[in-house]
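Student: I would like to learn how to read a few local features in a model. Where do we start?

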Amino acid sequence: YASVVGADRIMHGEELYVFNEIYGDTYGPITYLAYVPFELIFPWDGSWGALPAAHAAAITFDLLVIVGLTLLGTRLRPGREGRTLGVAMAFAWAAYPFTLLVLQENANDTLVAALVVGALLALSSAPGRGILLGLAAAAKFAPAALAPLLATGTGDEPRRKSWPQFAVAFAGVVAIAIFMYLPDGGLREFYDTTLGYQMGRTSPFSLWGLHPSLEPLQDVLKLAAVVLAAALAFVPRRRDLRQVAALGGAVTIAVQLPATHWFYFYLVWIAPLALIA
């Protein structure tokens, strides 16, 4: 509902981020923009009923991951072996129960997976992977943790060249997306309705939400996730596509481990990276 309603608000020129009791505006602007084409084809009728736009979007994002994994197979291995590997990864994605669950629930989480797979396809181009990861970060924020890893990429290019190109592309996409839909309250209101709400919410879906006394351990895991993400800008100095995917999966898991609100839909953010590795 949130993604479709947000797209509907964009199409009608309404403010995207507003304080309300529904908390449907907690995502980045790219999530809502991604639903605009589907909302144009299948307009929301304003009722809490069927959402054909959400169905169409979920199917499309899932297919994009399938196509991306198929193409990545050819990057990992040459010739027929690569094509076979790509098809195998695509089938593995489709057969994974949690990707099926996200598809059945018409959730928006596969958008993140599709954009991260796209960033891996663009791994040889610092601006290209910066743009695609910027789109992912401006959709759901958490993929920003992959920025140090992808800034260096495979390490084949000098950092003095790849880092600035990646940073400009990544930061430019995120900044443009946010400032295009900045609410009247500015960055403060945007933060309060998105990251601020997400970081401060309580939830029964994690160890931390069920047992607040474990907060010191949660803080240790948060720090460890930051250290891991930052370190991957430097080590290992050289890595291939498979290793980048594996390290990206590790960072994504590390970010999710200390999350107070964790939901099984987030497994699809990890799934393509794990399959590639």
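Tutor: We start with a definition: a residue is called buried when its relative accessible area is under 20%, and exposed when that area is over 50%. Keep in mind that this is a predicted model.

Student: How many residues of helix 1 are buried?

Tutor: Seven of the 10 residues in helix 1 are buried, so by the under 20% cut-off the helix is mostly covered. The buried ones are S3, V4, V5, G6, A7, D8 and I10.

Student: What covers the buried residues of helix 1?

Tutor: The cover includes helix 2 (29–34), helix 3 (36–41) and helix 4 (52–76).

Student: Is M11 buried or partly exposed?

Tutor: M11, which lies in helix 1 (residues 2–11), is partly exposed because its relative accessible area is 34%. M11 also belongs to a nonpolar surface patch with L40, I41 and F42. Together these residues have about 380 Å² of accessible area.

Student: What does the backbone do just after helix 1?

Tutor: G13 takes a positive phi there, of about 70°.

Student: Which residues have a positive phi although they are not glycines?

Tutor: N106 has a phi of about 55° and is not a glycine. N106 sits in the loop between helix 6 (97–105) and helix 7 (110–121), and it counts as buried because its relative accessibility is 18%. F141, again not a glycine, has a positive phi of about 70°. F141 is in the loop between helix 8 and helix 9 (147–152). With a relative accessibility of 16%, F141 counts as buried.

Student: Now a charged side chain. What is the nearest side chain of opposite charge to R129, and how is that read?

Tutor: The general idea is that a salt bridge needs a side-chain nitrogen of Lys or Arg within 4 Å of a carboxyl oxygen of Asp or Glu. For R129 the nearest side chain of opposite charge is E157, 4.2 Å away. That distance is not within 4 Å, so R129 has no salt bridge, although R129 is buried.

Student: Where is R129, and which backbone oxygen lies 2.4 Å from a polar atom of its side chain?

Tutor: R129 is in helix 8 (residues 126–140). The backbone oxygen is that of L150. Leaving aside residues up to four places away in sequence, R129 touches a list of residues that includes A119, L123, L150, T152, E157, S162 and F166.

Student: S162 is in that list. Why does S162 count as buried?

Tutor: S162 counts as buried because its relative accessibility is 1%. S162 is found in helix 10 (residues 159–180).

Student: What does S162 touch, and which backbone oxygen does its side chain reach?

Tutor: Residues up to four places away in sequence aside, S162 touches A126, R129, A151, T152 and E157. Its side chain reaches the backbone oxygen of A151 at 3.4 Å.

Student: How far is S162 from L150, going by C-alpha atoms?

Tutor: The C-alpha atoms of S162 and L150 are separated by 9.5 Å, and the two residues are 12 residues apart along the chain.

Key
Residues numbered from 1 in each chain as written. Predicted model: local features only at pLDDT ≥ 70, side-chain atom pairs only at ≥ 80, totals over all residues. Heavy atoms only, no water. Patch = residues over 30% accessible without salt bridge, like charges linked within 9 Å, V, L, I, M, F, W, Y side chains within 5 Å. Areas by Shrake-Rupley, 256 points an atom, 1.4 Å probe, with all protein chains shown as cover. Helix = DSSP H or I, 4+ residues; strand = E, 2+ residues; numbered from the N terminus. Buried < 20%, exposed > 50% of the residue type's maximum accessible area, 1.4 Å probe, protein only. Lys, Arg positive; Asp, Glu negative; His and termini not counted. Polar contact = N/O pair within 3.5 Å; in protein donor to acceptor, adjacent residues only side chain to side chain. Contact = heavy atoms within 4.5 Å.
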